[in-house]
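Student: I would like to learn how to read domains, helices, contacts and cores in a model. Can we take them in turn?

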Amino acid sequence: MSRKNGAAGEKIPGSDPKDRAEYTPVTYDPQYILMVNELKKYFPIKGGMMSRTVGQVKAVDGVTFNLKRGTTMGLVGESGCGKTTTGRTILRLSGEKTGGQVLFNGREVYDLSNKEMRSMRTKMQIIFQDPFSSLSPRLPVGEIIGEAVREHNLVSKAEFNDYIDKVMDNCGLQPFHKERYPHEFSGGQRQRICIARALALNPEFVVCDEPVSALDVSIQAQIINLLKELQEQYKLTYLFISHDLSVVEHISDTVGVMYLGNLVEYGRTEDIFRNPLHPYTKALFSAIPVPDPNAKMNRIVLEGSIPSPANPPTGCKFHTRCANCTQRCKEEAPVQREVEPGHYVVCHLYDK
Amino acid sequence: MAKRKAEGYLSGKEARRISRENRKITNELEKKRKRKKVPESEYLTKMHDPNNAVEFDNLHTYFFTDAGTVKSVDGVSYEVPIGKTVGVVGESGCGKSVTSLSLMQLLQRPQGQIVEGEIRLNLGDKAVDVAKMPYEAVQHLRGNFVSMIFQEPMTSLNPVFRIGDQINEVIELHDGEGKSREDMKKRTIELLEMVGIANSEGVYQMFPHELSGGMRQRVCIAMALACNPRVIIADEPTTALDVTIQAQVLDLLRSLKDKINSSIMFITHDLGVIAEMADYVVVMYAGRIVEKGTAEDIFYHPAHPYTIGLMASKPVVGRQVDKLYSIPGKVPNPVNMPDYCYFKDRCEMCVEKCGGEYPCEVSISPTHKVSCYRYYEIKNQEGGDVS
């Protein structure tokens, strides 16, 4: 792995195994398909002569949530806040984690051997953001969808073609599309191919990384409806990453709001949208444009932009842009507390 | 293979024939545009209403491609009044950007050509028809009278020049007569401050990669405003930005518009942004305008089935629905458009007449016009004329 200490004796926070045990381990609860506990992922910044590690980008810095079977969790936040890294780290797609736990069906994902991980991959899939660059231009669609199915020997050779036809049909693709190449399809159709590729393996859990951001409004609606139908049909669990709050509200059961690698607020969709508590969530929601020309705008405009995750502010990470900032926010990092049942917020304002 | 041919795959022979014909047409148009010393009288014109900054009148912009002629803009007419914001909405590929590029004469030539229609631009004491102007003359309009904010702030700035030099260049080219380097720098710093960049002296010396997306878009806006243009075309200026940054940029555009009293053509596919920014809204579909009116007309009384579908398919915070409406089917192939209403195949409110030729524009209120057969009857009953 790339996390080698360049110079001897130099200590980088998080690199020492002793530092990592900062969390209290959770025990498996069967109603949750996924339990994420204090997950951390730091990327090293290389620099200097011997390309030593000179710093760390704290992309995900202590994220905790549980995901119930058959539900959808929305993950929202500005670009660069670590939404995508969270999704990828859960799937063990970006190397080793820096700390924390990821329990998928009760098993720690990062403790699996390569062989076990390989079979686990069929259970957890991802739909990528950009349907234009995530499909190989040199493979016909049938091969794109079927490659992993054949690799994992999910169906026998005799049933293979029928199986692919069935998967494609479920995702709104025609059987004759199989011989075509991705460039012959429109954006919406390509996204359907991406969805078919993920679902062909019969997964339980799918990370949807901004699946509709690159699409037009009318196509967006088609894809969202398709995702919802498939969820009912196959009892899928989604982690839906998006920066479009109206889409998240529509599709999710629970919502997590991220800021600079932290989950600042987490709860049921109705609670979060009806009663946002964290100042950042409030600002984020007030910035959503409403399709009504006479709507009263009580907008909280955030000053400045998101600080660098390589050098995050001390105390509460949001204090540099927060309107309710106190001296305490600058010095002490807040901890997660439950304000209403099932509604968690990380902010000093809600201390009793 | 047989199936592929049936779906519009061209044989080599056919493609060569098309490109030969295209070349004949485009060469002729190019020759006309490249003439030197064209008398001004040829493109001087009069505004139909002196309160308008721009009038598009029956504009046709075609692309002569090797697969056939694509009618990107096919008979588009609308006005941009002085000091107002006009929002243009539509799916990608509906011709909203091509309309604005026609106004700037920035079309991909020689394939892209304005073949018919007028674009009248109000220059204050006179008016010109941009569609007939030779290439050299348009250079004096860009920046001074019309300027553009592009969609991708990441790609529309040159990565190898400093921010200050890039803005200076705009001033030098369009408004630089008698100005020294120091004057230009002063103006550039002033512009950077105007768009809300606090560290303007520092940013002047920076390269684009040192700035965040929101900051880059601010620089692009500063560049567009450098010579106080009368018309600003904002081509999806916030699509690449986060909601919080989007709110900042929209606030900025609104306040700047009042400060320099110019008109904005706001192109986007986000209905929420349009509702917030626009006084008038134009809805485009497959190269034609299907509906236009004030923002209230469009958002409170949408008339065309496409507009209604577009509104219903966008999830809105606070409005819970079980299933989102989605417009069935897809946009027709731009090379051979049907000869009936372009939306008929996707429309769920078809009436018998829809099989006829493309519907004309019907006024359903003094400000609200729609191209749909469903409104012919209402009009006829009132005794109005269908024009």
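Tutor: Chain B is divided into domain 1 (148–230 + 246–261) and domain 2 (294–382), with bounds that come from an automatic or database domain assignment. This is a predicted model, in which local features need pLDDT of at least 70, side-chain atom pairs count only at pLDDT 80 or more, and totals for chains, interfaces and linings use all residues. Residues are numbered from 1 along each chain as its sequence is written, while chains are lettered from A and ligands numbered from 1 in the order in which they are written.

Student: How far apart do the C-alpha centres of domain 1 and domain 2 of chain B lie?

Tutor: They lie 39 Å apart.

Student: What span should helix H5 of chain B have?

Tutor: Helices (H or I, at least four residues) and strands (E, at least two) are DSSP runs, numbered from the N terminus. The expected span of a helix is 1.5 Å times one less than its number of residues. For the 13 residues of H5(B) (residues 163–175) that gives 18 Å, and the end C-alpha atoms are 18 Å apart, which agrees.

Student: Which residues of H5(B) are buried?

Tutor: A residue is buried if 20 or more other C-beta atoms, placed from the backbone, lie within 10 Å of its own. In H5(B) these are Ile163(B), Gly164(B), Ile167(B), Asn168(B), Val170(B) and Ile171(B). They cover an arc of only 155° around the axis, taken from the directions from the helix axis to the C-beta atoms, so they are on the same side of H5(B). An α-helix has 3.6 residues a turn, so residues three or four places apart point the same way.

Student: What do the buried residues of H5(B) pack against?

Tutor: Contact means C-beta atoms, placed from the backbone, within 7 Å. The partners are helix H6 (181–194), helix H7 (200–204) and helix H8 (213–224) of chain B.

Student: How many residues does each chain bring to the contact between chain A and chain B?

Tutor: Chain B brings 37 residues and chain A 31 residues. On the chain B side, H9 (243–260), H10 (271–277), H11 (295–300) and H12 (305–313) each supply at least two residues. H9(B) has the largest share, seven residues.

Student: Which residues touch the most other members of the largest nonpolar core?

Tutor: A nonpolar core is a set of buried Ala, Val, Leu, Ile, Met, Phe, Trp, Tyr and Cys residues joined through C-beta atoms within 7 Å. Of the 183 residues in the largest one, they are Ala196(A), Ala222(B), Met265(B), Phe266(B) and Val283(B). Strand E1 (residues 32–47) of chain A gives the most to this core, with eight residues.

Notes. A residue is buried if 20 or more other C-beta atoms lie within 10 Å of its own, exposed if 12 or fewer, and partly exposed in between; C-beta atoms are placed from the backbone. Two residues are in contact if their C-beta atoms, placed from the backbone, lie within 7 Å.
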